Amino acid sequence: MRPATATAAAVTTLIGVGAAVIAAGRYASDVALKVPSGRPLPGEPGLTVHATGPERITLTRSLASLRPGTYGMDAPGLHAVLGPVLDRAPHTADTVVRRLERVELGVLGPGARVRLTPQLHRGTPTSALGLVHEDVEIPGELGPLPAWLVPGPRTTWVIALHGLGTTREHPLNLVPFYDRRKIPVLVPAYRGDEGAPSSPDGLAHLGDSEWRDVDAAIRYAVRRGARKVVLHGWGTGATMALRAAAESGVRDRISGIVLDSPVLDWEATLRNLAAARHVPGPLLPLAVRAAQGRTGAHGDLLRTVSEPGALRAPALLFHGPDDTLAPWEPSVELASRLPGLVALRTVKQAPHAAMWNADPNRYEESLRRFLTPLL
């Protein structure tokens, strides 16, 4: 082969390899960052319903089905709520029996393939909980953001922020707790949610840009009469709350922050999301690089909020070592860096954004104690 021809062939090969690498990276980042609102996050195993009976259900035995606490159970056209494991109920070695609290949608029967979810309710605060609410619109930088407002007489409001892969229905788990304490609750959608404007690039930014919709929600609450707000977020919603508390122009209105499973290590969570959706290991570094190239550089949130004066409001942090999407270790580090400001409640045997589900009574008692001096 002539030298010129050989050089051309080598260049063509390199271009082809480069294009393949770029395409692979783009595919891997799409898997992690193009998560439609309400689509379950990866990682939860499918379970088979083996039998049902009065107030009980028999499921495939696994670490997921043996978790303590209360969970939703989803399948296409089906939603139910499960209570604790019934250890004394008869079962085979490969099954587990749990209390069946209720079936809210569909017909539950043997053979159904289901997944557990931290989301207990379907519908609005009125249809799901029987609580009066307003459908309101928050003026956001990309357009109007739909929100539910459950009114109350107090002047400290809670803004409840769902995370990636869930909808406004997830915070409904805690709305009754706040309503019993006469605290108004604002539950907004944000960019990328159904009914809200799309992100300009069509991608989720794991809270890095979405937090500006939280800023808009705070401003809306203040216009409606809130003197102070408490931000309560799950997953990327917790990340958004933390960013707003450090960077919002109205952060002086934030009296407290409740963080459930916050995403504090952007790269680790991106890798975990891609891996859980079966992206091959060699492509995971490409997914991170491609995502950074598409969404811009992501700062070190842990370092940012740990800077002196960056975080002024006290924070209650719920997280645990069994979260396979957002690593627990950065939460431990945050609490150790800000011991007078951040209180960590470690929750074991709970998946991502399900710290309340593992032990609702303990979670709510910690929350009650945290809120009392803030109201």
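Phe 177 is buried, at 1% relative accessibility. Tyr 178 is buried as well, with a relative accessible area of 1%. The model is a predicted one.

**Aromatic pairs**

- Two aromatic pairs turn up in a search of the whole structure.
- Phe 177 and Tyr 178 make an edge-to-face pair, with 5.3 Å from centre to centre and 75 degrees between the planes.
- Phe 318 and Tyr 363 form a stacked pair, because their ring centres are 3.8 Å apart and their planes stand at 15 degrees, and stacking requires planes under 30 degrees apart.
- Phe 318 belongs to strand S13 and Tyr 363 to helix H11 (residues 360-371), so this pair ties together parts that are 45 residues apart in sequence.
- Phe 318 and Tyr 363 are both buried.

- Strand S13 covers residues 315-319, and five of its five residues are buried.
- In a regular strand the side chains alternate between the two faces of the sheet.
- On one side of S13 are Ala 315, Leu 317 and His 319, and on the other are Leu 316 and Phe 318; all of these are buried, and both faces are covered.
- Strand S12 (residues 254-260) runs parallel to S13 and is joined to it by four bridges.
- Within S13, Leu 317 is the residue that Leu 259 stands opposite.
- Strand S14 (residues 342-346) also pairs with S13 in the parallel sense, over five bridges.
- Phe 318 has Arg 345 of S14 as its bridge partner, and the ring of Phe 318 is stacked with that of Tyr 363.
- A right-handed β-α-β unit is made by S13, helix H9 (residues 329-337) and S14.

**Helix H5**

- Helix H5 (residues 236-247) has 12 residues, which at 1.5 Å a residue should span 16 Å; the C-alpha atoms at its ends are 16 Å apart, so the two values agree.
- H5 is mostly covered, with 11 of its 12 residues buried.
- Among the buried residues of H5 are Thr 236, Met 240, Leu 242 and Arg 243.
- Several alanines of H5 are buried too, including Ala 238, Ala 241 and Ala 244.
- The cover over the buried residues of H5 includes the helices H4 (211-223), H8 (301-306) and H9.
- Strands also contribute to this cover, including S9, S11 (228-234) and S12.

**Two buried loop residues**

- Thr 166 sits in the loop between strand S9 (156-161) and helix H3 (175-180).
- Thr 166 has a relative accessible area of 13%, so it counts as buried, the cut-off being under 20%.
- A polar atom of the Thr 166 side chain lies 2.9 Å from the backbone oxygen of Gly 163.
- Arg 67 is found in the loop between strand S2 (56-60) and strand S3 (71-75).
- Arg 67 is buried, with a relative accessible area of 14%.
- Leaving aside residues up to four places away in sequence, Arg 67 touches Glu 44, Val 85, Arg 98, Gln 349 and Pro 351.

Notes: Residues are numbered from 1 along each chain as its sequence is written. This is a predicted model: local features need pLDDT of at least 70, side-chain atom pairs count only at pLDDT 80 or more; totals for chains, interfaces and linings use all residues. Side-chain values use heavy atoms; hydrogens and water are left out. Buried means under 20% relative accessible area, exposed over 50%, partly exposed in between (1.4 Å probe, protein chains only). Two strands pair if DSSP finds at least two bridges between them. A crossover is right-handed if, with the strands pointing away from the viewer, the path from the first strand over the helix to the second runs clockwise. A polar contact is a pair of N or O atoms within 3.5 Å; within protein, one must be able to donate a hydrogen and the other to accept it, and residues adjacent in sequence count only if both atoms are side-chain atoms. The expected span of a helix is 1.5 Å times one less than its number of residues. Contact means heavy atoms within 4.5 Å. Rings of Phe, Tyr and Trp (its six-membered ring) pair if their centres lie within 6.5 Å; planes under 30 degrees apart count as stacked, over 60 as edge-to-face and the rest as tilted.
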